[in-house]
Amino acid sequence: MNTTPPIKPPRGIKPTKETSGLLISVIRALSASETNEQRDTEKAKLEKEYKRSDQRLEELVSSHDQDLMEVMQIFSALSEKVTSSREKIHAVKENLNACKQLLRCKREELLNLWLEGIEHKQVLHLLKDVSADSCGRIPLTEPESLILSNVAHEPTVE
């Protein structure tokens, strides 16, 4: 098939034949006609033009059948790719939102652990101060030293 593809008219230039003008002239002719014969004549002209344009369309479609099939296949493939890409983008957005939520939870958890670490550090300093002061004065009994060591390792209640 060595036919050239249809040529797209340049932008800004209107086609020479306006379809709305043709329709308006047909409506005017039908409304201006006084008898049914005149209306039938207008109707016959209109049907003849439709048949001629339909025949021309069939000729164009049959002459460019291969090109049309190729374009339809390419469009179908592109449409599938676009749909697939949209689904993938949707999945990525959902995954990013889930990761964002997990990071917020981890951030809160890390903040709580950091605060607990500061509390434990302060308790440890206080216990060292108390044990340093009490070592010179009164020796701790075994149960008291166990209590102090457990206090240093207990998590704080929030």
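Q: Where does Leu111 sit?

A: Leu111 is found in helix α3, which covers residues 65–137; helices here are DSSP runs of H or I with at least four residues, strands are runs of E with at least two, and both are numbered from the N terminus. The model is a predicted one, in which local features need pLDDT of at least 70 and side-chain atom pairs count only at pLDDT 80 or more, while totals for chains, interfaces and linings use all residues. Residues are numbered from 1 along each chain as its sequence is written, and side-chain values use heavy atoms, with hydrogens and water left out.

Q: Is Leu111 buried, exposed or partly exposed?

A: Leu111 counts as partly exposed because its relative accessibility is 46%, where buried means under 20% relative accessible area, exposed means over 50%, and partly exposed lies in between (1.4 Å probe, protein chains only).

Q: Which residues form a nonpolar patch with Leu111?

A: Trp114, Leu115 and Ile118 form the surface patch together with Leu111, and the four have about 390 Å² of accessible area together. Patches are made of residues with over 30% relative accessible area and no salt bridge, joined within 5 Å for nonpolar side chains (Val, Leu, Ile, Met, Phe, Trp, Tyr) and within 9 Å for like charges. The areas come from the Shrake-Rupley method with a 1.4 Å probe, and for residues only the protein chains shown count as cover.

Q: Stepping back, how many helices and strands does the chain have?

A: The chain has 4 helices and 0 strands, and along the sequence this reads as the pattern α-α-α-α.

Q: And how much of the chain is buried?

A: Buried residues make up 4% of the 158 residues, and the chain exposes about 14900 Å², with carbon and sulfur atoms supplying 60% of that area.

Q: New topic: what does UniProt place at residues 36–63?

A: An unreviewed UniProt entry places the feature "coiled-coil region" there; UniProt positions are given in the numbering used here, feature names are shortened, and annotations may be inferred rather than shown by experiment. In the model that span is 100% helix and 0% strand, and its end C-alpha atoms lie 40 Å apart.

Q: How many salt bridges are there?

A: The count comes to 3, a salt bridge being a side-chain nitrogen of Lys or Arg within 4 Å of a carboxyl oxygen of Asp or Glu. Lys45 pairs with Glu42, with the closest N and O atoms 3.8 Å apart, and both residues lie in helix α2 (residues 36–63), 3 residues apart, about one turn of the helix. Glu49 meets Arg52 at 3.2 Å, N to O, while Glu59 meets Arg56 at 3.9 Å.

Q: Why are Glu59 and Arg56 separated by about one helical turn?

A: They are separated by about one helical turn because they are 3 residues apart in helix α2. Glu59 is partly exposed, with a relative accessible area of 40%, and Arg56 is partly exposed at 48%.

Q: How far apart are Ala29 and Glu42?

A: Ala29 and Glu42 are 13 residues apart in sequence and 7.3 Å apart in space, C-alpha to C-alpha. Ala29 has its place in helix α1 (residues 19–32), and it counts as partly exposed at 23% relative accessibility.

Q: Last one: how many disulfides does the structure hold?

A: The structure holds 0 disulfides, a disulfide being a pair of cysteine sulfur atoms within 2.5 Å. Cys99 counts as partly exposed at 42% relative accessibility, as does Cys105 at 45%.
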